[in-house]
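Dear colleague,

I am passing on the structure we spoke about, together with notes on what turned up when I went through it. Please read them with the coordinates open beside you.

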Amino acid sequence: MRILSHNMLQCIVKGCGAANYPLRLNGEAVHKESEYNEDFIKHMMSKIDYPALYQASQDVKIDLPSSLPEDYLDNEEFLKKIHDVTHIEEGGLYCNNCKRIYPIKNGIVNMLLNENEV
Amino acid sequence: MSRPEHDAPPEIFYGDDEARKYTSNSRMIEIQTQMSERALELLNLEFEGGSKMVLDIGCGSGLSGDEISRQGHYWVGLDISKSMLDVATEREVEGDLFLADMGDGMFFRAGMFDGAISVSALQWLCNADKSWHNPRTRLKKFFESLFAVLAKGARAVFQFYPENPAQMEMITSAAMRCGFTGGLVVDYPESTRAKKYFLVLFAGAPPEGYETPKAKGEESMEEDGGQTVGYSKERKSHDKKKGKRSSVKDRDWVIKKKESQRKKGKDVRPDTKYTARKRSGPKI
Ligand SMILES: C[S@@+](CC[C@H](N)C(=O)[O-])C[C@H]1O[C@@H](n2cnc3c(N)ncnc32)[C@H](O)[C@@H]1O
Ligand SMILES: [Zn+2]
């Protein structure tokens, strides 16, 4: 799973409540090559929750500025960093609120819920 | 027509043997790819222009996802079958994969996706596979949460196999109750083999100036208005604000990708004159 996708995820366990975002990340960051698409990353920046992205970057020890650079839309170095597909192959997501763990195995995140969680 | 959803839950039916067909059965690959291509055409991301973020519901082996990538967009997919997702991983698809049941609802923040597609998965929701499953509740949960994760005016296109008119009605009305507008597009309504159902939904009203997609192969249906039905809030306008077309991945891209997979010892279909060719409509 990409760090960028993590930014979109929230816990949906029944009754988890409003503090279901962001999920904490656990795992080793693996770098993968990808073609830089400036148009796309700028589009995604309008959706990204930067504090959550920063926290995720801290969780898996990748280097991002603690707050969004003011000139971020013109800051190619920064945009490239975000676009860089940093993957988590093995590990898990953790909901601080309800303590639910969502395992990540072979890059696939397991979001399946049990009967009492839906 | 066979109805696998009557025999077993999806995570069982789409086990290792069935999943294998998505890399080995060329007829099946062809059909899946064709339907994905048509679903994307109906999704019409070009209307807004640029590279978009798409959700693939029941993404399986990622054949549909490949089509999204090929058209220059990005995606994440979810599927209830681990075997299918393992095939997707093996095929080194571009999108991120989630093992999840669409009937449990979407687990993303509001407004994250610019569109959603789903190929041959939606009819599975009409079955109760667990003692606590209620198809109506699951459909409601699904459409409600899907509405939330789509950007305003974004489309969701489902190719699916409705079993009968009652099921079609159950699905469409569940979607409408959750705030979607839109309706069914039936391609090649008079051909038993090529006939395909697409549920085309808008999160809210269609965007200003958006034109209703037309069904294919319905010439003979002209008198009774054709098979494009149920559109609400349609606006006719000519100020098409077409954005920049996103980059369509060409043959070189596909060949390069296959080459890299081969290097890693993957079993990849050989390059032929058909590789990444523009596909034409279904043969009828
Ligand atoms: C015909 S296959 C789709 C193939 C896919 N488009 C591809 O390119 O491989 C239908 C898929 O829907 C999935 N599916 C069925 N019910 C589902 C559910 N409740 N939640 C998530 N996925 C489901 C199946 O596991 C299967 O992979
Ligand atoms: Zn939670």
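In which loop of chain A is the place of A:K61? The loop is that between α3 (50-59) and α4 (76-83) of chain A. Please bear in mind here and throughout that this is a predicted model.

B:S120, which is not a glycine either, has a positive phi of about 55 degrees, and it is found in the loop between β4 (113-119) and α6 (135-149) of chain B.

A:P22 lies in the loop that runs between α1 (3-6) and β1 (24-32) of chain A.

Of the 118 residues of chain A, 47% count as buried, and among the contacts between residues at least 6 apart in sequence, 66% join residues at least 24 apart. The chain exposes about 6,000 Å², of which carbon and sulfur atoms supply 46%. As for charge, chain A carries 12 positive and 18 negative side chains, and the centres of these two sets lie 8 Å apart.

Within this chain, A:H87 has its place in strand β2 (residues 85-94) and is buried, with a relative accessible area of 9%. Leaving aside its neighbours within four places in sequence, A:H87 is in contact with A:M1, A:R2, A:E28, A:A29, A:V30 and A:K32 of its own chain, and with B:D96 of chain B.

Chain B has 8 helices and 7 strands, and 59% of its 284 residues count as buried. Residues 24 or more positions apart account for 70% of its contacts with a separation of 6 or more, while its accessible surface comes to about 12,900 Å², of which 51% belongs to carbon and sulfur atoms.

The part of chain B that I would describe in some detail is helix α2 (residues 16-24), whose buried residues are B:E18, B:A19 and B:Y22. Seen down the axis of α2(B), these buried residues fall within an arc of 100 degrees, so they line one face of the helix. In general, an α-helix has 3.6 residues a turn, so residues three or four places apart point the same way. On the other side of α2(B), B:D16, B:D17 and B:S24 are exposed. The buried residues of this helix pack against α1 (10-13), α3 (26-43), α4 (63-70) and α5 (82-90) of chain B.

One residue of α5 can be followed from here, namely B:M84, which is found in that helix and counts as buried at 4% relative accessibility. Not counting residues up to four places away in sequence, B:M84 touches B:A19 and B:Y22, and also B:Y14, B:G60, B:S61 and B:D79. B:M84 and B:G58 are 26 residues apart in sequence, and their C-alpha atoms are 9.4 Å apart in space.

Finally, helix α3 of chain B holds B:E41, which is partly exposed, with a relative accessible area of 46%. From B:E41 to B:V185 the separation is 144 residues in sequence and 12 Å in space, C-alpha to C-alpha.

Key. Residues numbered from 1 in each chain as written. Chains lettered and ligands numbered in written order. Predicted model: local features only at pLDDT ≥ 70, side-chain atom pairs only at ≥ 80, totals over all residues. Heavy atoms only, no water. Buried < 20%, exposed > 50% of the residue type's maximum accessible area, 1.4 Å probe, protein only. Contact = heavy atoms within 4.5 Å. Areas by Shrake-Rupley, 256 points an atom, 1.4 Å probe, with all protein chains shown as cover. Lys, Arg positive; Asp, Glu negative; His and termini not counted. Charge placed at Lys NZ, Arg CZ, Asp CG, Glu CD. Helix = DSSP H or I, 4+ residues; strand = E, 2+ residues; numbered from the N terminus. Arc of directions from axis to C-beta.
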